Amino acid sequence: MARIEDYALIGDLHTAALIDRTGSIDWLCFPRFDSPACFAALLDTPDAGRWRLGPVGGATCSRRRYRGSSLILETEWDTPDGTVRVTDFMPPRGNHPDVIRIVEGLEGEVRMSSELALRFDYGSIVPWVRRRGDELEAVAGPDSVWFWSTTDIQGRDLTSVSDFVITEGERVPFVLTWGKSHEKMPHRPDPFHALQDTLDFWGDWSQAETVEGHWEEAVTRSLVVLKAMTYAPTGGIVAAVTTSLPEEIGGTRNWDYRYCWLRDATYTLQAMLLSGHVEEAGAWRDWLLRTVAGDPGDLQIMYGLDGTRRLPEMELPWLKGYEGSSPVRIGNEAAGQLQLDVWGEVLDSLFLARQAGLEREDDSWNLQKALMHHLEARWQEADNGLWEMRGDRRHFTHSKVMAWVAADRMVRSVEEFGLPGPVQRWRRVRDEIRADVLANGVSPTTGTFTQSYGSDNLDASLLLIPRVGFLPFDDPRVVATVDAIQRDLTQDGLVMRYRTEESGDGLPGSEGVFLACSFWLVDALHGIGRTEEARALFNRLLSLRNDVGLLAEEYDPVSKRQLGNFPQAFSHFPLVVAAHHLTSGDGGGRSDEVSDDVSDGVEETLGGEVPAHS
């Protein structure tokens, strides 16, 4: 099987496909990110569905790249007989999703092969294929896929195959379009016009302000990836486009990440605002408000793309899993866990939105007050923590700190924006939580913050304590915690979430180092004044990206492989934020602060006066 880092991403802001270095699309869900896959070879064998397009013999490409700052992938092969390029892309969604692949002869003559094996419902259903005019139609239940090319396509062993020779200067297009089986044939796009339209779309989008200098390419690519992982109809951003890519090869820590996590809320907003993508920041804020509306006691840690709450978890036993890593899961039962930090994440992000000027009216304030009122009665409870531990609930330090964040942002919303609320009561709650954390969340023997009350274990989430403003970066307890994590919670200089063997997280096996946590260490080192170390670590992390700039959730320093679902939004958000902080010299960066430049950019985009803030 291809390594996780061998894949590149294309998408249309509704769904996405993964393409390996042989030109095989091994993962694609139609019509949404969270729909059943029609290509699932990523989690099994080619029999689970794929579409390979490349030189006969299945060679690995000689090179590949995205065209400029777009999501148009160009893959090239040098063969003994010539050179060929395949251009892969998905046009921004019209009425139906399309995958378009254009083969172009660059030199000589190259024998090419296209092998399309559609397998609906995660590889379990072989469709009925028939010829309709100059197209093939594949139908199974609610799904239909239409397939067209200028070259001849034949059926062979339940696969649609085309063998042809491409010569210098020749172009051969392929178009794959999904539709509902009970509806008429969808419109077939002109592949070459669609290519120009897609190039124009990404060119226009990437014109927004971004970081300048040495890291501009890395930040721009991360932002394009994050845009591609945005579900355009709602503004929700999926954590990853895949399910069940393992955190340990052969292990069982395999989860479905095709949903939207509230833990990403503030990082999402900050990354988009810092980079000048105001509309995306506003869309995410609106998704957040719609999703968390309702009874504050029903707040979940994650939701579906459209705010769906029920995400029942089940296993797909007919899929072997990536490199035998089973089970393959869809849905995620962690949605039902209690994680007190999400109240803090929501209120932190809405405070940041108001500071930036995204909050044009106070329509969310009553909801925020209701969330805070609920948290006041629950912050002393044990919970499952940020990392969704499936063991016993505990009093996690990070959860308590984020409860403090919730109270702090509500107090400051009254003080800085003149909003009505019981500010004296909230101040008392804030002070009570702070005293509780400092009394119980700091080890009396080491002077460092701990993963949970009564434990001396470390946790990477403790790096966020100065980021959220609970203590300043130069507080001795913060510095000691950063030093301890760098010394005792790293592997080859990269940060683990926690030590699985000590965690009691309720799961067997282990995992790789967590890339987001390593970016948090970059921010922490910069914040405590060790900027050269921070820059060195940041550059090290950039070197772990694959050849087209993508990062998974984790990394194995021993096998030097990416691990976990891919690409991972939670890895790319902190990359963007850390790059901005290192470039601007902003001492580590706070989650509750936006610069005047950001506010001015929001005002320019939205028009009108932005509320004053300190």
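Me: How much space lies in the largest cavity?
Reply: This is a predicted model, and the value is computed from its atoms. A cavity here is a space where a 1.4 Å probe fits but cannot get out. For the largest cavity, that space comes to about 140 Å³.

Me: Which residues are the closest to its centre?
Reply: The largest cavity is lined by 15 residues. By class, seven of them are nonpolar, one is polar and seven are charged. The closest to the centre are Trp255, Tyr257, Trp387, Glu388 and Arg497.

Me: What volume does the second largest cavity have?
Reply: Its lining has 14 residues, and Arg263, Tyr267, Glu345, Leu464 and Arg467 are the closest to its centre. By class, that lining has seven nonpolar, three polar and four charged residues. The volume of the second largest cavity is about 110 Å³.

Me: Which helices each supply at least two residues of that lining?
Reply: Look at the lining of the second largest cavity. Three helices meet the mark of at least two residues: H4 (265-274), H6 (341-356) and H8 (397-417).

Me: How many residues of H6 are buried?
Reply: Buried means under 20% relative accessible area. H6 has 16 residues and reaches 22 Å from first C-alpha to last, close to the 22 Å expected. The helix is mostly covered, and the buried count is 16 of 16.

Me: Which residue follows H6?
Reply: H6 covers 341-356. The next residue has a positive phi, near 95 degrees. That residue is Gly357.

Notes. Residues are numbered from 1 along each chain as its sequence is written. This is a predicted model: local features need pLDDT of at least 70, side-chain atom pairs count only at pLDDT 80 or more; totals for chains, interfaces and linings use all residues. Side-chain values use heavy atoms; hydrogens and water are left out. On a 1 Å grid over the protein atoms alone, a cavity is a set of points where a 1.4 Å probe fits but cannot get out, and a pocket is an open set with protein on both sides within 12 Å along at least five of seven lines; lining residues have an atom within 4 Å of a point. Grid points are joined across faces, edges and corners, and a volume is the space filled by probe spheres set on the points. Ala, Val, Leu, Ile, Met, Phe, Trp, Tyr, Cys and Pro count as nonpolar, Asp, Glu, Lys and Arg as charged, and the others, Gly among them, as polar. Helices (H or I, at least four residues) and strands (E, at least two) are DSSP runs, numbered from the N terminus. The expected span of a helix is 1.5 Å times one less than its number of residues. Buried means under 20% relative accessible area, exposed over 50%, partly exposed in between (1.4 Å probe, protein chains only).
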